[in-house]
Amino acid sequence: MNVFAGVRSAAGAEQKDAGSAGGEALLELTPHRMAVCHLVQVFAPPGAQQEGGPATPPFPFESVAHHNRLGLFLFSLTRSCEDFLEPPLEELLRQLKAVDDLVNGWLCEQLTTTLSGLISPDDLFNFFDKLRGVLTSPEGASVEDDFLDPNSQLGVYLRCCIIAFNSMTFEGVCHLLSNLVAYCNSAETSYDLAEDEDFNSEMEMSDLMDADIGVRAGVFDKYGQGYATESHMGESSSSFIHAPISLHDFDEDNIFKADENPTCLRSRWQLEAYLNQQADILEKDPSSVPLNSFNATMTQLQTLAPELHRVQFLQHLNALSHDDYVSALDNLHRYVDYSAGQGLFSRSLSANQDIIVGKYESALLSLGSLHCYFGHPKKALEAFTEAVRVSQMNNDDSCLAYILGAISNLLSKIGISSTVGIIGSPYSLGNNSGLGTPLSIQQQLLVLLKRSLKRADMLKLTSLISFDHISLAKFDLKHVQRPLVSFGPNASTKLRTCPADVCKNLRLSSHVLSDFGTGDLSTSHDNGSFSTSWLRNLSAASSSWCSSSTKPGKQIVNDFDNFHFNAQPSPIPTSVLQLAGSAYLMRATAWEHYGSAPMVRMNALVYTTCFADAASSPELSLAYVKLIQQLVVFKGYSVAFGALKLAEEKFPSSTNPHIHLLKMQLLHDRALHRGHLRVAQQICDEFGVLSSSVSGVDIELKTEASLRHARTLLAAKQFSQAAVVANSLFSTCYKYNMQVENASVLLLLAEIHKKSDNAVLGLPYALASQSFCKSFNLDLLEASATLTLAELWLALGSSHAKRALSLVYQSLPMILGHGGLELRARAHIVLAKCYLTDPEYSVSEDPCAVLDPLNQAAEDLQVLEYHDMAAEAYYLKAMAYNHLGKEGEREEAAARFKEHVTAVENPRDEEASLAY
């Protein structure tokens, strides 16, 4: 039964007659490939359909499932691209045991017996002659009968090996036999194989070993692709590259060793494997990579394979790690220019032959993305505008859809006000909606997102559809969608965000996983990485199975699960997994806004558990940041800093902005809680240095820096300066349409007026913050604003105690269910103050109503080391014990109050706040 007949190669037709064309073989024939050919012959023996019928698997397979297991194993072997060096026989036998156990090692024994019988050129000829029968339909078989499809993956593999053998000279055949001796001897098993004495003389053997059996460069003009992989759009059509031998050795001491040996033929996947390994080395230990010798190796590789543009990116990383910024920028520009449009878009023909359709607009798209990443929004928009013009001129709808998505992503990052004057260009949206009503910049952004989604859906661009849904979810999270027609009887009065729309878009964005495997999405990403990972995991699972099976008294009855589950990697490519993972990160962000701590932790844990292998370093570190932020809110600083140390081992804070920013946030919060204001101001100054000086760039970072500066001034009781900073920050947030951040700024202004004994002035800010929170469904922040409102009413006098108590009870369910240690402690303190301020309340009648929340607040604040608020809690406890006449408890609470006040007024060991 041919379960792999659907996997075809585009080069099968060209290779069919290669043997008679007189050209060289497309791949180098090795003993490992001969072993795979033998296993393919066992998988599909000649005449199997006549002997057993189409429903009966050939000998020695017990079932169709067992037969297909060998087929899956062989399919992975032919597509693996882990290393330049092929696996030794011992490794192949170990992997084969996962399939061979059901037949008591028959496959391994048959393989070794066959290889041991190949002792002469005639034996090799007979071996490959039998292989031809695998590709030939049995005599008398009908078209409907199943046999190994010559155009399937395994069929093309056999044909390439047969062509390679037919193209060999006699010296090449003798060389192959000698390699077969070394291949079998590497398994440390006594095989009766041909020895060196079987040849005429040692001199003859030496001549054969030194013979140049490399393939001439002209073969690429004849054979376009080969069996291994499919070329991407814009790349060279050859899937095999001439690579220097020096690149084959993965040993760190010999990676950059020069070699004068002649070139040999290696597949594109093997070169990609080498580049991947070098990228890992540059990321983990860049100092171990020498600058000049690495560049020399990369330059040689680029000369031999100019279509491998990742070479330029590796040169960029290497130059960057050695502080050669001019060379780093030059290589980065080259990488962006030459890799533009590789396999991204389907292209159409153009009458203009001077510009390759798809390359120019894709290069402009990459240039705009580059400017966006490095903080040049105006240049980015100019590049995107030109890309739109060229795409429309060439009818490149796919690229146009991607450009619209890139523009919307840029607008959401840099802020709305920076785009006025550019977004209204004749190549973008225009200035009105056709109703005579000018569109706001916010509405234009929404129109851009919907246009990009519509085009992507029409063109079946699944990845872009997922990205646009995530962008729409982000837009819905932070913007109130106002109707275009805002008057008349049908005008909507609803001015609130819709969490249901956010969840719907995030759910739809995850459909990229379910859509994978349908249409051309899976085939366009098929680069052999799945087969490589599958074999690696299979080898590990087989090793663990072998070690466990040797233990006495322990047997595994059925290793089916071991084969199918322990050894199965994800076949979904990294880019698709990253999009699906981004949806979970966005879910965590959304629940942060809505105030559900358990949902934040759940989505962050799902991301780190299921998408860590495919995640980029910034996104994975962001997930770690969210988890650590949850720890500090609910467990305190000691636990959070312990987790931060573990995160810094994986993501050094010197190279990862998310981890560095988190460290500064934790240090600043702890310094404020301990009363170390000088250290807090020092960290605030560092916050200001992190952001870019370009207007409209790093708006969120600049907002947080100003917010923390105002909080530091408030803690120092410099109320007027804190109010000036907060008012300036409110204007900035309003300018860039950052309404969610405005809610926090308004709440800060209310806090400033509360602590400066201007409760009447603070009430409007608290009410405005509460209104913003309701509009954007910021439930936890709304509960905090309600708590501040209750404190302001209390500050107006005891006559407002019952109103304040009602507001506290209104916010308690949300605070106790989702609030952290600080917010819960603050709520408990306000609750106690409401009771103690109420003239109708008597402590002696119900002391637990005051003491229980104060005890809980003191316990939580002790974990946070929050001296100022802890002093307030112990002060209220002392008052309560005084009313009860308990002098011992009163004096104990007063002593603790004095300790915390002294810690705030006379801070010690301030430098310790910078250590963790």
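Colleague: At what angle do helix α38 and helix α40 pack, and how far apart are their axes?

Modeller: Helix α38 (residues 821–837) and helix α40 (residues 867–884) pack at about 30°, with axes 11 Å apart. Axes are lines fitted to C-alpha atoms over the stretch in contact, with angles from 0 to 180 degrees between N-to-C directions. Helices are DSSP runs (H or I, at least four residues) numbered from the N terminus. This is a predicted model, where local features need pLDDT of at least 70, side-chain atom pairs count only at pLDDT 80 or more, and totals for chains, interfaces and linings use all residues. Residues are numbered from 1 along each chain as its sequence is written, and side-chain values use heavy atoms, with hydrogens and water left out.

Colleague: Which residues meet between α38 and α40?

Modeller: From α38, E822, R826, I829, K833 and L836 meet M869, E872, A873 and L876 of α40; contact means heavy atoms within 4.5 Å.

Colleague: What makes K130 count as buried or exposed?

Modeller: Exposed means over 50% relative accessible area, buried under 20%, and partly exposed in between (1.4 Å probe, protein chains only). K130 has 54%, so K130 is exposed. K130 sits in helix α7 (residues 121–134).

Colleague: Which residues touch the most other members of the largest nonpolar core?

Modeller: I628, L666, V808 and I829 do, in a core of 80 residues. The helix giving the most to this core is α38, with 10 residues. A nonpolar core is a set of buried Ala, Val, Leu, Ile, Met, Phe, Trp, Tyr and Cys residues joined through side-chain atoms within 4.5 Å.

Key: Helix = DSSP H or I, 4+ residues; strand = E, 2+ residues; numbered from the N terminus.
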